[in-house]
Amino acid sequence: MSDAGTVRAQAAAAPDPGTPLVEATDIVKHFRSRGGGRRATGDTVKAVDGMSLTISEGEMVGLVGESGSGKTTFGQSILRMHEPTSGSVRFRGQEILALRRPEMRRLRPRMQYVFQDPFSALNPRLSIATAIGEPMRAHGIAGKDDERDRVVEVLARCGMEADALDRYPHEFSGGQRQRIVIARAMALNPEFVVADEPVSALDVSVQGQIVNLLCDLRDQQRTSFLFISHDLSIVEHMCTRVAIMYRGAIVEQGSRDQIFGDPRHPYTQELLAAVPIADPRHRGRRRGMRIARDWDDRSAPRPVLRDVGDGHLVALA
């Protein structure tokens with residue numbers, strides 16, 4: 001977002017430490033290649049390769065990395081939209097990878113996903129009342145008699161008027177559609193939401209509105225978020241903790257101040273150095289940033305995360 005003035009959201013105070021709401025440990029997700037490019041058919045693609053992350057109640061954790069780093073695959077794996085190849089995911093202490101389909105279905109309302117593209121996330125043949133109301137009825141959150149009233153209520157929380165009920169997705173702008181997608185997720189009163197690049201498909205003029213909406217939902221409902229993004233300026237505004245992902249694994253993790261004020265991993269430094277800054281005398285680079293260009297030796301074993309102080313984790317050899 002180029003206009004920081006449109007964004008009033010700031011990261012909330014870090015939640016009190018305790019039992020994590022979500023605890024993903026050593027998540028691995030491999031795919032079989034279909035061929036193309038330099039890969040032969042049947043090659044193993046290591047989309048997520050031994051990644052761990054915890055998220056506390058009411059916390060918004062940013063997951064940052066370039067396209068293809070595995071961010072979306074990780075987010076979908078911890079919700080079992082993809083079945084992980086191996087690893088553990090605990091939700092309020094319960095191992096969800098061991099749950100059978102009926103048990104997982106009962107858990108679904110508490111763990112939701114907001115898709116990146118609001119244009120493809122909604123069925124064009126369903127009215128907004130149906131798109132939001134059917135999941136509420138299916139999970140016993142609303143009955144036939146009060147379904148429409150509950151849909152109106154959740155739309156209002158997301159800044160939409162009641163006249164949206166009987167309209168269809170094509171009648172709304174991109175920003176309005178994303179509000180509807182968020183409303184559909186929040187209608188089930190989830191405790192945890194994976195928001196996958198929720199503003200990247202939107203115009204800059206409406207990005208700030210969606211950012212503010214997500215932060216309001218976090219603060220008012222104590223909803224926890226994994227906020228997936230490649231936009232560091234948005235993450236800096238919204239998140240209390242940040243994890244930097246590269247080639248299927250986390251290379252640095254820490255508080256917002258640690259990541260943005262004292263980046264230790266060369267990849268994190270490169271990402272921050274590429275963020276445009278407002279000072280025209282230093283256009284496109286952060287002042288004083290020194291970057292080691294030879295850090296990425298793909299033939300070497302992957303370094304393990306080490307605590308360099310106060311929970312600031314860095315993958316250093």
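These exercises work through strand pairing, helix packing and backbone angles in one predicted model.

Local features need pLDDT of at least 70 and side-chain atom pairs count only at pLDDT 80 or more, while totals for chains, interfaces and linings use all residues. Residues are numbered from 1 along each chain as its sequence is written, and side-chain values use heavy atoms, with hydrogens and water left out.

**Exercise 1. The sheet**

Solution. 
- Start with the terms. Strands (E, at least two residues) and helices (H or I, at least four) are DSSP runs, numbered from the N terminus. Two strands pair if DSSP finds at least two bridges between them.
- Take β1 (residues 22-32) and β4 (residues 86-91). They run antiparallel, joined by 5 bridges.
- E23 faces R90 in β4, and A24 stands opposite V89 in β4.
- Move on to β5 (residues 94-95). It pairs with β4 in the antiparallel sense over 2 bridges. Here F91 stands opposite Q94.
- Touching is contact, meaning heavy atoms within 4.5 Å.

**Exercise 2. Two packed helices**

Task: How do the axes of α3 and α5 cross, and at roughly what angle?

Solution. 
- Two packed helices are described by the angle and the distance between their axes.
- Axes are lines fitted to C-alpha atoms, for helices over the stretch in contact; angles run from 0 to 180 degrees between N-to-C directions.
- The axes of α3 (residues 128-138) and α5 (residues 174-186) come within 8 Å and cross at roughly 20°.
- Angles under 35 degrees count as roughly parallel, over 145 as roughly antiparallel, 65 to 115 as roughly perpendicular and the rest as oblique. α3 and α5 are therefore roughly parallel to each other.
- List the contact. I128, A131 and I132 in α3 meet I180, A183 and R184 in α5.
- Sort by class: 5 nonpolar, no polar and 1 charged residues.

**Exercise 3. Positive phi**

Task: Which phi values do R92, N189 and D310 take?

Solution. 
- Recall the background. Most residues other than glycine have a negative phi.
- R92 lies in the hairpin of β4 and β5, which has 2 residues between the strands; its phi is positive, near 50°.
- N189 has a positive phi of about 55°. Its place is the loop between α5 and β7 (192-196).
- D310 has a positive phi near 60°. It sits in the loop between β11 (305-307) and β12 (313-315).

**Exercise 4. Buried or exposed?**

Task: Are Q258, N189 and D310 buried, partly exposed or exposed?

Solution. 
- Q258 has 15% relative accessibility, so it counts as buried.
- N189 has 46%, so it counts as partly exposed.
- D310 has 76%, so it is exposed.
- Look around Q258, which is found in α8 (residues 256-261). Leaving aside neighbours within four places in sequence, Q258 is in contact with P263, G309, D310, G311 and H312.

Methods: Buried < 20%, exposed > 50% of the residue type's maximum accessible area, 1.4 Å probe, protein only. Nonpolar A, V, L, I, M, F, W, Y, C, P; charged D, E, K, R; others polar.
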